[in-house]
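Have a look at the model before reading on.

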Amino acid sequence: MAKVLVVTSGKGGVGKTTSTAALGAALAQAGQRVAVVDFDVGLRNLDLVLGAERRVVFDLINVVQGVARLSQALIRDKRLENLWLLPASQTRDKDALTEQGVGSVIKELRGKFDWVICDSPAGIERGAQLAMRFADAAVIVTNPEVSSVRDSDRIIGLLDSKTEKAERGQRIDKHILITRYDAMRAARGEMLNIDDVLEILSTPLLGIIPESEEVLRASNIGSPVTISNRASAPARAYTDASRRLLGESLPMTVPSDRKGLLDKLFGRRAA
Amino acid sequence: MRFLNLFRRRRSAPVARERLQILLSYERAARGQADLMSVLREEILSAISKHVTVERDNVQIRMDRGQAVSTIEIDVAIPHSAGLLLAAGS
């Protein structure tokens, strides 16, 4: 049974697209058939983060409007045969998306994939509401920082009122994914810690992604961090999060890339 | 002493936590309904303008949303000519 997951946050720049790509790739690596769908019409970036920017022919709006078939618009990842991308349009504006059109595309995707991951645009307007409209579950990407936590709270309110599931009186599964976490700074009281964020948002935790240079490196080369460097701390954190999405119960840890003293002295690098 | 102050200044996370708790308890309560403080502000202003003509620029409004109690402070500068109007009208 296919699951539609929206990756959302309200605030921009917290890591929705990075997390969509990393979770999508991790689920595909676990043998799941995954489609990642970019809802950021006009500002698409999921194609770039996945390294598929030169292969985009048709997009979500073309499919919604019947210009292209879904099978023509889906782009298969070159590294993972189970991972597919449905890109957003770069030119048209968000008004080109209709609720009915999005609903029928999601329904068709449900028939072909195990996971349909919708990468939401920032904000709480139409685009963000359409991205969450047909979701069964939501990943709310949150930085341990006041404006991000506040916006996550707004988004949780929308998930509980504006989704199809909520309107039918059902509950949408919500998970917090904390990104850019710095355990040292949190321990020193310079950054909101995990318990603070969870208590304030009273929503369960899916994972903690540590702040890491690997994330920027991955987007530089157009590869989800779970493919580019699977052993890195953020990749391990995303992989754990994806296993939790699959129902596994794992202890919550903050993976670290911190090098040992010997590594520091000799400047050794991980292969 | 200076060392202690330095140490204290670094722990900003508890401040963030408290600010968020107050703000969000307020925003959650206000979700889906008109903001009580804004309604009060508008009604008080319209009540005043029934009796005196005041420029919006001469009205200072301050709000402070606390965890248990919020305050609204309205400071209206009423020109002397307005007082004359009121006396003439009665």
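**Ground rules**

A helix here is a DSSP run of H or I with at least four residues, numbered from the N terminus, and its expected span is 1.5 Å times one less than its number of residues. The model is predicted, with local features needing pLDDT of at least 70 and side-chain atom pairs counting only at pLDDT 80 or more, while totals for chains, interfaces and linings use all residues. Residues are numbered from 1 along each chain as written, chains are lettered from A in the order written, and side-chain values use heavy atoms, leaving out hydrogens and water.

**Helix α13 of chain A**

Helix α13(A) covers residues 233–245 and reaches 19 Å from first C-alpha to last, close to the expected 18 Å. Ten of its 13 residues are buried (under 20% relative accessible area, 1.4 Å probe, protein chains only). Just past the helix, G247(A) has a positive phi of about 100°.

Take A235(A), which sits in this helix: it counts as buried because its relative accessibility is 0%. Beyond its neighbours within four places in sequence, A235(A) touches V225(A), T226(A), N229(A) and R230(A), contact meaning heavy atoms within 4.5 Å.

**Where α7(A) meets α2(B)**

The axes of α7(A) and α2(B), lines fitted to C-alpha atoms over the stretch in contact, come within 10 Å and cross at roughly 25°. The two helices are therefore roughly parallel (angles under 35 degrees).

From α7(A), V146(A), V149(A), R150(A) and D153(A) meet residues of α2(B) including L20(B), L24(B) and E27(B).

Key. Buried < 20%, exposed > 50% of the residue type's maximum accessible area, 1.4 Å probe, protein only. Axes fitted to C-alpha atoms, helices over the stretch in contact; angles between N-to-C directions. Parallel < 35°, antiparallel > 145°, perpendicular 65-115°, else oblique.
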